[in-house]
Amino acid sequence: MSGLSSIAIKCCDLAAQRGFYEALTGSEFQEVDVGVSGMRCLFGQGWGLTLKLVSGREEQDFEDYPIHQLGLRVEDIEALVKVAQLAGGRAEGQLTRDEGGQVVAGCVRDPDGNTIELQRA
C-alpha cells in the first residue's frame, strides 16, 4: 500500500459540512451520482485525497461522542484553526507548542462535531 486515495464522511447537515470543508480545502465540492437511490454525495479534493461527504447521519449519532475523526499534517495550524472557525467549526482544546513556542498540534471540530486533529507538517 502506498497511501490513502479517499475518505468518506457521513454527514448530518450536508450543507454545513460542504461549506466547512470547501473553506478548509479551498476545493469546490460537486454533487456526484454514486448510483445509490436517494443518497446525496458531494466529492471534493483536499490534502491529496478525494473527500466524500455523504448524507445520512442522524442527530442522535452525535450525542456524547462523535465517531468520525480525521488527522491532518498541515503547515500552518493556527491559520487552519481560524479558517475552521470562520466556516462554522470550532477549536477544541488548546494548541500545543514546542519549547520554542511553535505550534505543533491542535484540534478542531467540524459543524457535525467530527474531530480533526492537526499536526505540524
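What percentage of the 121 residues of the protein count as buried? The share is 36%, where buried means under 20% relative accessible area and exposed over 50%, with partly exposed in between (1.4 Å probe, protein chains only). This is a predicted model, in which local features need pLDDT of at least 70 and side-chain atom pairs count only at pLDDT 80 or more, while totals for chains, interfaces and linings use all residues. Residues are numbered from 1 along each chain as its sequence is written, and side-chain values use heavy atoms, leaving out hydrogens and water.

**Overall make-up**
- The protein has two helices and nine strands, taken as DSSP runs numbered from the N terminus (helices H or I, at least four residues; strands E, at least two).
- From the N terminus on, the order of elements is β-α-β-β-β-β-α-β-β-β-β.
- Among contacts (heavy atoms within 4.5 Å) between residues at least 6 apart in sequence, 55% join residues at least 24 apart.

- Ile77, Leu80, Val81 and Ala84 are buried in helix α2, which spans residues 77-86.
- These residues lie on the same side of α2 because they cover an arc of only 105 degrees around the axis, taken from the directions from the helix axis to the C-beta atoms.
- The cover over the buried residues of α2 includes α1 (14-25), β5 (69-74), β6 (90-91), β8 (103-109) and β9 (115-120).
- Exposed Lys82 and Leu86 sit on the face of α2 turned away from its buried side.

**Helix α2: its ends**
- A side-chain oxygen of aspartate 76, at the start of α2, comes within 3.4 Å of the backbone nitrogen of glutamate 78.

Key:
Polar contact = N/O pair within 3.5 Å; in protein donor to acceptor, adjacent residues only side chain to side chain.
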